[in-house]
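Please have the sequence and the 3D view open while you read.

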Amino acid sequence: MGHFRFPRLGVLKHALLIANPASRRGGQFVEEARQAILDGGAACDVMFTERAGHAREISRAHGRDYDVVFTLGGDGTAMEVAGSLAGSGVPIGVLPGGTGNLLARALGIPRDVRRAVPALLHGDVRQIDLGVVLGHRFAVAAGVGIDAAMVGETPAWMKKRLGVLAYTIIATRAALRAVVFRRFFLARVKVDGEIIERRAAAVLFANFGAILENRIAFGPDIVVDDGMLDCCIFSPSHLWDAMRIMWRVTRRDFRPDRALLYRKGTRFRIETVPILPLQADGELLGVTPAEITVEPLAAHLLVPGR
């Protein structure tokens with residue numbers, strides 16, 4: 001499973017904390033995170049991001065000089081760091097400081113920073129695959145349709161006040177709108193040479209099998225360290241289809257269903273009619289068409305011990 005004990009944790013000397021002060025909680029808990037790292041026995045340097053892409057620049061310039069790099073911000077900050085340190089072997093500790101915190105939640109990291117730091121310092125390192133789309137790496141999933149609409153339509157004030165609940169509200173609205181008004185799109189997906197064409201409400205390219213503490217599962221047998229991604233196509237024809245899909249993904253029921261299609265692969269291409277926005281790990285990156293590939297075991301992430 002690519003999950004092993006990290007032998008250097010006992011002699012950890014120097015940590016870098018990259019904090020995004022613009023994230024929902026990233027600026028609020030910097031001192032708590034720094035103190036928790038010091039309490040864990042490591043020296044800690046703190047660097048703040050000033051703009052989009054700055055975490056990538058900081059980690060590329062300085063990350064390899066440290067025993068471990070912590071991020072404090074949202075999924076965008078975490079993935080900038082994970083992407084820039086891909087293949088380096090430098091372990092990354094993702095501290096939840098954003099709205100969705102999809103990656104931290106998927107890794108089982110406590111949401112309280114003061115609990116998260118010691119859990120990671122005394123935890124394990126897990127090597128995971130990373131997906132690549134439109135020049136960006138992602139850890140959890142990329143997609144078009146309902147999920148991209150959720151990312152694009154959730155207002156900043158709602159994210160600040162409600163956190164992940166804001167995404168849930170907007171995603172539900174987007175799903176109902178798509179089904180009730182039949183706002184589906186034509187998806188043409190190429191999976192390692194196989195071509196699939198379907199009308200869909202959402203297409204996901206998943207690396208993790210579930211999100212939100214396993215409350216919502218994307219599909220069957222999805223693992224993060226098999227060198228593959230899983231294409232999940234959701235094709236409800238009416239409201240009852242949509243309700244059945246929601247029932248199944250919340251209960252991990254993946255028996256054959258005409259509204260669900262799954263394919264594993266290493267190389268994908270998606271085209272849509274009409275052209276649609278594409279998101280990855282909660283960030284809008286561009287529009288279709290797009291190529292999606294996988295980098296096996298590219299990231300080293302700290303996870304709480306089992």
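## Two paired strands

Threonine 71 stands opposite valine 94 in strand E5, and E5 pairs with strand E4 (residues 68-73) in the parallel sense over 5 bridges. Helices (H or I, at least four residues) and strands (E, at least two) are DSSP runs numbered from the N terminus, and two strands pair if DSSP finds at least two bridges between them. Between E4 and E5 the chain passes through helix H3, making a right-handed β-α-β crossover; right-handed means that, with the strands pointing away from the viewer, the path from the first strand over the helix to the second runs clockwise.

This is a predicted model, in which local features need pLDDT of at least 70, side-chain atom pairs count only at pLDDT 80 or more, and totals for chains, interfaces and linings use all residues. Residues are numbered from 1 along each chain as its sequence is written, while side-chain values use heavy atoms, with hydrogens and water left out.

## An enclosed strand

Because 5 of the 5 residues of E5 are buried, this strand is largely enclosed by the rest of the structure; buried means under 20% relative accessible area (1.4 Å probe, protein chains only). Ile92, Val94 and Pro96 lie on one side of E5, with Gly93 and Leu95 on the other.

Methods:
Buried < 20%, exposed > 50% of the residue type's maximum accessible area, 1.4 Å probe, protein only.
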